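These are my notebook entries on a structure I looked through, set down in the order in which I went back to them.

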Amino acid sequence: MKKQKITDAEFDALILEAGKVSRDNINFDRQMKTVEAVLRANPHLLPSPRLIILRGAQQRNKGKLKEAIALYRQGEHMAIAQKNTAMEALALRMLGAELLITGDVDEAERCLRRTIQLSAAIGQPYQQAAALDTLSNIYLKYADFEKYLETSEEALSVLKTAGVEPFVYARAYSSTMNARCVELLNLKLYDRAYEELQVIMQSPELALAGEYTRLSTMLTYGQYLCETGQYAHSIEVLGELLDQFRDEPVNEEIAAIHSYMAENRLALGEYDQALRHLRLAEAFHREANMIFFLCENLLCHASVLISMGRSKPAEKCEREAEEIMAESGSDFHQWQFKERYAAFAARHGDYRRAYDLLIEAKAHQASSLRRDYDKRIASINTRYELIEKERQNDLLKKDIDMKKQELLMASDFLNQKMELLKEMKAFMKNMRRENIQKNEIMKALDSKISAAINVEYEQQVLIEKMETVNNDYITRIRKTFPQLSATEAKICSLLKNNFSNKEIANLLVTSLRTVENHRYRIRKKLNVTADDNLYRVLSEV
């Protein structure tokens, strides 16, 4: 039986379904495989910007940031070509987030600010707020926590002002506040993190935000309890979450719960339980290719094994973690990992090893910061070059405009002079008719005035000024179109600079009809039809 072709609308719906599970690495990967299979089976379907962006998200989940960035850029260009502003904004937001991770902060900020601008223009407050939320992480990178708070508050304000649905605002509020608490924990500001967590957990927004958001918030609370040594309480909180999501497949959040449960069990000496949680977390992180978290799990695994007196398997876990991290090639991740590895070594009394690891961590940190610095300097230099180029172009434009005005003024003066001389000549003709005795004098004056009307000198000066304005262009167009005469090339240069037919006639001291005839011959020699824009053709030379 022949398969029925899927329609574009059905394919778009399938892509949207894949986007809904993009945070669940395993299910997202399966859904994307289905989408790609449908695309291959239906040659009439074309990849949309959204699909390209989701392909980028898929690569990001696998830790392949370069591939993800390339796909986001492709999605952005495709969206621009299709004039799909919403997808352009989405691609730029995703691109900005990845560039921030790779350390290209200036380009990340440009992408995010452009997203904010586009989203505000098309009335997408959620996209705008998400971009502001990501932008706030730039301030964290430079330890400007107050600016981070200000920007994250602005993100919430955008949603509130837009009057989005209560569920949407509640989810954004809870997610933003939760992310803030995670950053406070990373900064070891435990008292402030606890205060913020209490505000979230007691807020009506958390109840409206849905189970997923509540899971993330309670996970952060469990993390706080674990890091502050409240292991039993942390087990209680995280254990309730595991019971609640027992029938759900393991995802990123549930794997994190297992990781913190293992830390708690290890601290309490419950080694078998710790290993059980670690195996579940490791299995997910391996399949999802989440390298950094996998290496953390392996170090924790080694700690449990050492505590159980199993040194050889522990060494195996350590070596695997080192090999995996070395293959990642990321100085930033190496720096973070080595610091954790040093803490692991110090915990088990190997202080010499801890010292060496800290030295290595600092070397990776210096390399990472140096790379960030070099990128920022390169970005600043590029920006300076663009500004300088724009400045030179502005100066050139002002110079051309000044010369154009000079030519027009000279042309007007010349025309006025010609009109005056013509009037004088006509007047003297009348005088000659009335006074025959002065005929010889009038004849001589008439001859001199006729010579003055010729104005060969003035005309030559004007033509020289005109050639100064666009001498390079005249040379270039005559080389490109050798069939043009010298006069036609001069007229082309004036047309390219937006001179009207009347202005050209005044400059060349000729009739309007003559200029129109020249334009007709220029079109014919350049094979420019009546439907084509002559100015555009001349501008491209």
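**Entry 1: two loop residues**

I began with K83, which is exposed, with a relative accessible area of 75%; I take buried as under 20% relative accessible area, exposed as over 50% and partly exposed as in between, with a 1.4 Å probe and protein chains only. K83 sits in the loop between α4 and α5 (85-102), and although K83 is not a glycine, its phi is positive, at about 55°. I then looked up N527, which lies in the loop between α25 and α26 (534-539), has a positive phi of about 55° without being a glycine, and is exposed at a relative accessible area of 66%.

I note that this is a predicted model, in which local features need pLDDT of at least 70 and side-chain atom pairs count only at pLDDT 80 or more, while totals for chains, interfaces and linings use all residues. Residues are numbered from 1 along each chain as its sequence is written, and side-chain values use heavy atoms, with hydrogens and water left out.

**Entry 2: the whole protein**

I recorded 26 helices and zero strands for the protein, where helices (H or I, at least four residues) and strands (E, at least two) are DSSP runs numbered from the N terminus. Of its 541 residues, 42% count as buried. With contact meaning heavy atoms within 4.5 Å, I found that residues 24 or more positions apart account for 57% of the contacts with a separation of 6 or more.

**Entry 3: aromatic pairs**

My rule here was that rings of Phe, Tyr and Trp (its six-membered ring) pair if their centres lie within 6.5 Å, with planes under 30 degrees apart counted as stacked, over 60 as edge-to-face and the rest as tilted. The count under this rule is three aromatic pairs. Y221 and Y224 make a stacked pair, because their ring centres are 6.3 Å apart and their planes stand at 15°. Both residues belong to helix α12 (residues 211-227), three residues apart, which is about one turn of the helix. Y221 counts as buried at 10% relative accessibility, and Y224 is buried too, with a relative accessible area of 9%. Together with Y194, Y221 and Y224 form one aromatic cluster.

I also followed Y190, which is in helix α10 (residues 190-201). Leaving out residues up to four places away in sequence, Y190 touches L185, Y224, E227 and T228. The C-alpha atoms of Y190 and T228 are 7.6 Å apart, although 38 residues separate the two along the chain.

How are α12 and α13 set against each other? Helix α12 packs on helix α13 (residues 231-244) at an angle of about 160°, with the axes 8 Å apart; axes are lines fitted to C-alpha atoms, for helices over the stretch in contact, and angles run from 0 to 180 degrees between N-to-C directions. That makes α12 roughly antiparallel to α13, since I count angles under 35 degrees as roughly parallel, over 145 as roughly antiparallel, 65 to 115 as roughly perpendicular and the rest as oblique. The crossing of α12 and α13 is left-handed, that is, the near helix is turned anticlockwise from the far one by less than a right angle, whereas clockwise would be right-handed. The contact of α12 with α13 has ten nonpolar, four polar and two charged residues, where Ala, Val, Leu, Ile, Met, Phe, Trp, Tyr, Cys and Pro count as nonpolar, Asp, Glu, Lys and Arg as charged, and the others, Gly among them, as polar. Y221 of the stacked pair is among the α12 residues that meet α13.

I next took helix α1 (residues 8-20) and helix α3 (residues 49-61), whose axes come within 10 Å and cross at roughly 30°, which makes α1 roughly parallel to α3. This crossing is left-handed. F11, I15, L16, A18 and G19 of α1 meet R50, L51 and L54 of α3, and by class the contact has six nonpolar residues, one polar and one charged.

Helix α23 (residues 486-496) and helix α25 (residues 512-525) pack at about 95° with their axes 10 Å apart, and are therefore roughly perpendicular to each other. On the α23 side the contact is made by T487, E488, I491, C492 and L495, and on the α25 side by H518, R519, R521, I522 and K525. I sorted this contact into four nonpolar, two polar and four charged residues.
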